[in-house]
Amino acid sequence: MNDKGCETCPVYKPGNLIRHGINMTDFDFVIALAGNPNTGKSTVFNNLTGLRQHTGNWPGKTVSRAEGAFSFNEKKFKIVDLPGTYSLLSTSQDEEIARDFILFGRPDVTVVVVDATRLERNLNLVLQVLEITEKAVLCVNLIDEAERNKITIDDRSLSRELGIPVVLAAARQKKGMPELLNYIHAVASGNYKCKPHRISSETRELKSAVEKLSTRILKQLPHLPNARWVALRLLDGDQRMIDAVRNGELEELFKPDDGNQNLMSVPNI
């Protein structure tokens, strides 16, 4: 991880944040907002965009969606609030939408919001997100409630272990929002290089199979950032991933000159 943290981050000033609400034209970066239900994702979203949850439906789905925009240090960000979910294993429509957007939508940063009073339970989703993307920020929300329950979170140690920036926040009081903005900007612009922690719990046989399949995938898709995770999903029989490989969807998404993707340009999501 970048042990210097955010020394190169732009300094937060109140005037640096401009909330654009639903005006999402000409954005520079796409931000995904993920997390378990009831972690305060919507409050974080509203703080950044100035909205009170502008919602609609995901294309072809009945699940509601919220997206908005803000500017920070002369860069414009589109932020997409993903459905609250406990997992990304695609066993429900909410999980499929969240997982597919992080992979196929290719956000520039994925912000994962967790409940400081239930951190151990929430970290399951964080670790799954880090298997898919290398550009993430962890927002440990409800830190005020944790303090009332005499729970202490060592954000520096957590950041060191996870390999990504960690922000302690109380979104309802807007505490931690300046730091969150700084880290979103730093990760999106490449000033902060994440080195996410990846869990290796496979058996020797599975590890061998994953390595062989990952090698084959990378020969076809040398720019794919998460070949190991794709290999694991293929071996698990994930039909969505099998179809994406068979119909060339992954190949189209990860061409070196394809530029940034966003939700509306990604098929079948």
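**Notebook: Asn36 and other residues**

I began with Asn36 and found that a polar atom of its side chain lies 2.9 Å from the backbone oxygen of Thr85, a polar contact in the sense of a pair of N or O atoms within 3.5 Å, where within protein one must be able to donate a hydrogen and the other to accept it, and where residues adjacent in sequence count only if both atoms are side-chain atoms. I note that this is a predicted model, in which local features need pLDDT of at least 70 and side-chain atom pairs count only at pLDDT 80 or more, while totals for chains, interfaces and linings use all residues. Residues are numbered from 1 along each chain as its sequence is written, and side-chain values use heavy atoms, with hydrogens and water left out.

I then looked up where Asn36 sits, which is the loop between β2 (29-35) and α1 (41-49); helices (H or I, at least four residues) and strands (E, at least two) are DSSP runs numbered from the N terminus. Asn36 has 4% relative accessibility and counts as buried, where buried means under 20% relative accessible area, exposed over 50%, and partly exposed in between, with a 1.4 Å probe and protein chains only. Leaving aside residues up to four places away in sequence, Asn36 touches Gly84, Thr85, Tyr86, Val113, Arg121, Asn122 and Leu125, contact being heavy atoms within 4.5 Å.

Next I turned to helix α9 (residues 239-246), where Gln239 lies. Gln239 is partly exposed at a relative accessible area of 44%, and its side chain is joined to that of Asp243 by a polar contact of 2.8 Å.

In helix α2 (residues 93-104) I looked at Leu103, which is buried with a relative accessible area of 2%.

Leu142, in the loop between β7 (136-141) and α4 (143-148), has a positive phi near 60 degrees and is buried at 10% relative accessible area. Lys150, in the loop between α4 and α5 (155-162), also has a positive phi, of about 60 degrees, but Lys150 is exposed at 76%.
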